[in-house]
Amino acid sequence: MADWTSLSGALNAGVLSAFGREVVYSPQNGLRATVKAIFEVTREAEENAPGMYAAVFLRASDLAAPPQRGDEVNVDGVAYKVFDILADHAGGLILRLRQT
């Protein structure tokens, strides 16, 4: 029987395979990479400043290095900066983004 972490990791991979699309991730200190992510323009109020934000869900293992605030994500030609990073125990990441 598989453990919860490996099952959750497999679920993350399946969801990204089914619903993800390619985005360009550009770390401040490294090479750009095209990765599968689920993009969402959220309707929640931003906690850190007034306004709205977007978010992407992706797998940490798809990045060459851990994400940092200030990294850039390009979705359909629109650039966003990472301002918050949330990680789950199975290697999933939610990056909250502000449009630049």
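Predicted model: local features only at pLDDT ≥ 70, side-chain atom pairs only at ≥ 80, totals over all residues.
Side chains of opposite charge can pair when their charged atoms come close. The count for this structure comes to 5 salt bridges, and the stops below visit some of them.

**Stop 1: Arg59 and Asp62**

Select Arg59 and Asp62 and show their side chains. They meet in a salt bridge, with an N to O distance of 3.2 Å. Arg59 has a relative accessible area of 28%, so Arg59 is partly exposed. Asp62 is partly exposed too, at 27%.

**Stop 2: Asp84 and Arg69**

Now select Asp84 and Arg69. Their side chains form a salt bridge at 3.5 Å, N to O. Colour by secondary structure to see where each residue sits: Asp84 is in strand E5 (residues 78-87), while Arg69 is in the loop between strand E3 (54-59) and strand E4 (72-75). The two residues are 15 apart, and the pair links distant parts of the chain.

Are these two residues buried or exposed? Asp84 is buried, with a relative accessible area of 12%. Arg69 counts as exposed, at 56%.

**Stop 3: Arg96 and Asp84**

The side chains of Arg96 and Asp84 meet in a salt bridge of 3.5 Å, N to O. Arg96 lies in strand E6 (residues 92-99) and Asp84 in strand E5, so this pair ties together parts that are 12 residues apart in sequence. Arg96 is buried because its relative accessible area, 12%, is under 20%.

**Stop 4: the network**

Finally, show Arg69, Asp84 and Arg96 together. Which kind of contact links Arg69, Asp84 and Arg96? They are joined in a network of salt bridges.

Note on methods
Residues numbered from 1 in each chain as written. Heavy atoms only, no water. Salt bridge = Lys/Arg side-chain N within 4 Å of Asp/Glu carboxyl O. Buried < 20%, exposed > 50% of the residue type's maximum accessible area, 1.4 Å probe, protein only. Helix = DSSP H or I, 4+ residues; strand = E, 2+ residues; numbered from the N terminus.
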